[in-house]
Amino acid sequence: MSQLRNTKIRVGHLLDMNGFESEMKAKNETRARYKVLYRDGRRESTQLADRLWGCVENDVPCHSVACKSCCREFRLALVEELVTFISDLPKGVEYYMVTVALYDQVTDRCLDVNTQKIKDRYRKMISRAGIQWPVFGVVEMDYCPERELWEPHIHMLVANTNDGTFETLLDRLKRSQQKAEGRPNARKHTINSREVIDPKEAISYVFKFMWQLLPLNKGWKKGRLPQLQNSNHLLYQDKLSFSKLMLLHKARIEGGRLKIKCP
Ligand SMILES: [Zn+2]
């Protein structure tokens, strides 16, 4: 995989990551989001804040993508199903984590990002590459504070069956990226492939549904979004659903459970 370094497609072996956030950590994050929304003062923000509060303090599940605690519940079920699936693959099928930056989708308004259009485009690319095993992915967004822009990207778990289809997909992704790299909003720096340690952490990383600050300048810390962007993106996330953010190929969500179709 060394030839894939220094491209903006990151590839790491799935069986190399570990860890999952605690219930307490998720609750504390939801409490922090409550404060951000409450401070914002807009009516829709306080309404969402109240739902998040009810969820963590009164045990009334809100099922919102903006709620870290509900997100953790959803992720727990998903991780369990995916870890079971990925630990029991036939010989010759190995899952990899691939991240694609969508420079042609960079925008100053997160509301403008059409997740359905993005998913349709990449699902088509996956199908045309001839990928036979299920793909599990998610559309995510980072916010660049210096340029005040949202940068959508996709994380996905893709099977390499050593029949050339995985390489075909990577080639197509790279080619689609090269076109996008010429755009004025593309970042100039390269992202190296990243080491992965165990399936729980890899799946947890792919399906974190957590949009973060990703500065150009190293002087800025990666992490929480500024107040207004944070409340705007929480309101936007609240309008979405976990399944709307997920890019699935040969798999679907049915009744909150993952239905997987193997070749
Ligand atoms: Zn909740």
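A nonpolar core is a set of buried Ala, Val, Leu, Ile, Met, Phe, Trp, Tyr and Cys residues joined through C-beta atoms within 7 Å. In this predicted model, the largest such core has 59 residues. The residues with the most contacts inside this core are Val135, Met156, Leu157, Val158, Val206 and Leu247. For methionine 156, the residues touched are Val98, Val135, Phe136, Gly137, Val206 and Leu247, leaving aside those up to four places away in sequence.

The protein chain contains 8 helices and 8 strands. Of its 263 residues, 36% count as buried. When contacts between residues at least 6 apart in sequence are considered, 75% join residues at least 24 apart.

Strand β2 spans residues 94–101 and is mostly covered, with 7 of its 8 residues buried. Its pairing with strand β4, residues 149–160, is antiparallel and extends over 8 bridges. Within this pairing, tyrosine 95 has alanine 159 of β4 as its bridge partner.

Two helix pairs were examined. Packed helices are described by the angle between their axes and the distance between the axes. Helix α3, residues 68–87, and helix α6, residues 199–206, have axes that come within 9 Å and cross at roughly 130 degrees. The two helices are therefore oblique to each other, and the crossing of α3 past α6 is right-handed. On the α3 side, the residues involved are Arg75, Val79, Leu82, Val83, Ile86 and Ser87; these meet Pro199, Lys200, Ile203 and Ser204 in α6. The buried residues of α6 are Pro199, Ala202, Ile203, Ser204 and Val206. They pack against α3, β2, β3 (135–144) and β4. Val206 is also among the residues with the most contacts inside the largest nonpolar core, and is touched by methionine 156.

The second pair consists of helix α1, residues 23–40, and α7, which pack at an angle of about 105 degrees with their axes 9 Å apart. That angle makes α1 roughly perpendicular to α7, because angles of 65 to 115 degrees fall in that class. Arg33, Val36, Leu37, Arg39 and Asp40 are the α1 residues in this packing, and they meet Gln227, Asn230, Ser231 and Leu234 in α7.

Asn230 is also touched by arginine 224, as is Leu213, when residues up to four places away in sequence are not counted. Arginine 224 is found in the loop between β5 (212–213) and α7 (227–239). It has 15 other C-beta atoms within 10 Å and is partly exposed, since a residue is buried at 20 or more such atoms and exposed at 12 or fewer. Tryptophan 211 lies 13 residues from arginine 224 along the chain, and the C-alpha atoms of the two are separated by 8.3 Å.

Aspartate 59 has a phi of about 55 degrees and is placed in the loop between α2 (43–58) and α3. With 8 other C-beta atoms within 10 Å, aspartate 59 is exposed. Asparagine 162 has a positive phi near 55 degrees and lies in the loop between β4 and α5 (165–181). Asparagine 162 has 11 C-beta neighbours inside 10 Å and therefore counts as exposed.

Terms used: Residues are numbered from 1 along each chain as its sequence is written. This is a predicted model: local features need pLDDT of at least 70, side-chain atom pairs count only at pLDDT 80 or more; totals for chains, interfaces and linings use all residues. Two residues are in contact if their C-beta atoms, placed from the backbone, lie within 7 Å. Helices (H or I, at least four residues) and strands (E, at least two) are DSSP runs, numbered from the N terminus. Two strands pair if DSSP finds at least two bridges between them. Axes are lines fitted to C-alpha atoms, for helices over the stretch in contact, and angles run from 0 to 180 degrees between N-to-C directions. Angles under 35 degrees count as roughly parallel, over 145 as roughly antiparallel, 65 to 115 as roughly perpendicular and the rest as oblique. A crossing is left-handed if the near helix is turned anticlockwise from the far one by less than a right angle, and right-handed if clockwise.
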